[in-house]
Amino acid sequence: MDNLTRFSEFSVTPLVGSTTKWSCPSNIALVKYWGKKSGGTQIPANPSISWSLSDLKSTTNVSILSQGDFGFEFWLDGKPKPSFEPKLTEFFQRIMEFCPWLKSVKLKIESTNNFPHGTGIASSAAGLGALSTCLVDLETAEGQEINWEKVSFLSRLGSGSACRSMFSKPAIWGESSTIEGSSDLFAVEIPSTVHSNFLNWEDCVLIVDAGEKSVSSTQGHSLLSNHPYASARFEMASRNLTSMVGVLENGDTKAFIEIVESEALQLHAMMQTSVPYYLLMRPNTLAIIEAIWKFRESTGLPLCFTLDAGANVHLLYNCEKKLDIMNFVEEQLLPYCESGRYLCSSIGGAPKRIANE
Ligand code: PMV
């Protein structure tokens, strides 16, 4: 079956009045997606792997308001949010051929994030993940299993990294010769069992800069197409993905830390060597990284940092020594956070249906 046929299948045409509500977690990449292949829509240049962040999530309600030409209203936190409409319009244009029933309905989309706006935490992965889950749920007959591959496929067309938010185990997106079933079109769960060393981790996001990024991820990805180090980076990421899958299975925490931190620094090195170059780390990003290295060296505790495309630092740690680590955060890292803010989340979690009140 070709992909158009495979992802165009649905079991019911949603009727006016149909409604559904789902939450979806955000995710943090351990091996980063940075750069797209040319000639496709949202096809990653290298495979990536991420952990879902169950406590940083979007909740979205989608209802069918009326029949007629396609249209939608988008509400965020109870208020209409027209600034999100262009991105959503593009998303719907991309997915229309896979959900043809959309062509004749008007939708109301109501979304909330459980993390505050203006923390520099990207809401697109969780938001598009929740929206895609609602759309696939609406077209799924009652009692039938949701097609999570299709949810991941659709959400990828809205925001690449969103396609990894559907799985409570680590999720891999992008074709890798070493991972059977991996695909550029959707994410899959890691095929192996995750070692107990990695079952009890958390992510504490240290808010260094709550403002808008000077260069968006979309612009950042596009700068890879003419980047002097792109092919070396893509090869390295593919190797790191294979190593990371092995590490998550064999429980080698030291190797985990090395890959995660190296990936974060490579992501930012690519930004800093793009043409034109740019810098998203702030002085406090570096101060936090150095404090984490010093603390790890003196205590030997399993913790490390990673970064997404911004100045905030994600502190990943094994919860066994949570008290020590939270003391370290409070005493040594908070002075570097904007308004002393940080947000913690457990690792794992997948979309959840929210019962109608
Ligand atoms: O999904 P996008 O287009 O916002 O890109 C996300 C890129 C990174 O967060 C920097 C890395 C990743 O793999 O999530």
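**Helix packing, cysteines and backbone features**

The crossing of α2 and α3 is right-handed, a crossing being termed left-handed if the near helix is turned anticlockwise from the far one by less than a right angle, and right-handed if clockwise. The structure is a predicted model, in which local features need pLDDT of at least 70 and side-chain atom pairs count only at pLDDT 80 or more, while totals for chains, interfaces and linings use all residues. Residues are numbered from 1 along each chain as its sequence is written, and side-chain values use heavy atoms, with hydrogens and water left out.

Helices (H or I, at least four residues) and strands (E, at least two) are DSSP runs, numbered from the N terminus. The axes of helix α2 (residues 85-95) and helix α3 (residues 124-138) cross at roughly 45 degrees and come within 13 Å, where axes are lines fitted to C-alpha atoms, for helices over the stretch in contact, and angles run from 0 to 180 degrees between N-to-C directions. The two helices α2 and α3 are therefore oblique to each other, given that angles under 35 degrees count as roughly parallel, over 145 as roughly antiparallel, 65 to 115 as roughly perpendicular and the rest as oblique. On the α2 side, Lys 87, Leu 88, Phe 91, Phe 92 and Ile 95 meet Ser 124, Leu 128, Leu 131, Ser 132 and Leu 135 of α3, with contact meaning heavy atoms within 4.5 Å. The residues of this contact comprise 7 nonpolar, 2 polar and 1 charged, where Ala, Val, Leu, Ile, Met, Phe, Trp, Tyr, Cys and Pro count as nonpolar, Asp, Glu, Lys and Arg as charged, and the others, Gly among them, as polar.

Helix α2 also passes α4 in a right-handed crossing. The axes of α2 and helix α4 (residues 148-158) come within 8 Å and cross at roughly 135 degrees, so that α2 and α4 are likewise oblique to each other. In this case Lys 87, Phe 91, Arg 94 and Ile 95 in α2 meet Leu 154, Leu 157 and Gly 158 in α4, and the contact of α2 with α4 has 4 nonpolar, 1 polar and 2 charged residues.

Phe 84 lies in the loop between β4 (79-80) and α2, and is partly exposed, with a relative accessible area of 27%; buried means under 20%, exposed over 50%, and partly exposed in between (1.4 Å probe, protein chains only). Leaving aside neighbours within four places in sequence, Phe 84 is in contact with Phe 74 and Leu 76.

A search of the whole structure finds 0 disulfides, a disulfide being a pair of cysteine sulfur atoms within 2.5 Å. The cysteine sulfur closest to that of Cys 24 belongs to Cys 134 and is 9.6 Å away, too far for a bond. Cys 24 counts as buried at 0% relative accessibility, and Cys 134 also counts as buried, at 0%.

Most residues other than glycine have a negative phi, and most peptide bonds are trans. Gln 42, although not a glycine, has a positive phi of about 55 degrees; Gln 42 is found in the loop between β1 (19-31) and β2 (48-67) and is buried, with a relative accessible area of 7%. Ser 339 has a positive phi of about 50 degrees and lies in the loop between α9 (322-333) and β11 (342-346), where Ser 339 is exposed, with a relative accessible area of 66%. The peptide bond from Val 275 to Pro 276 is cis, with omega near 0 degrees, and Pro 276 lies in the loop between α7 (253-272) and α8 (283-299).
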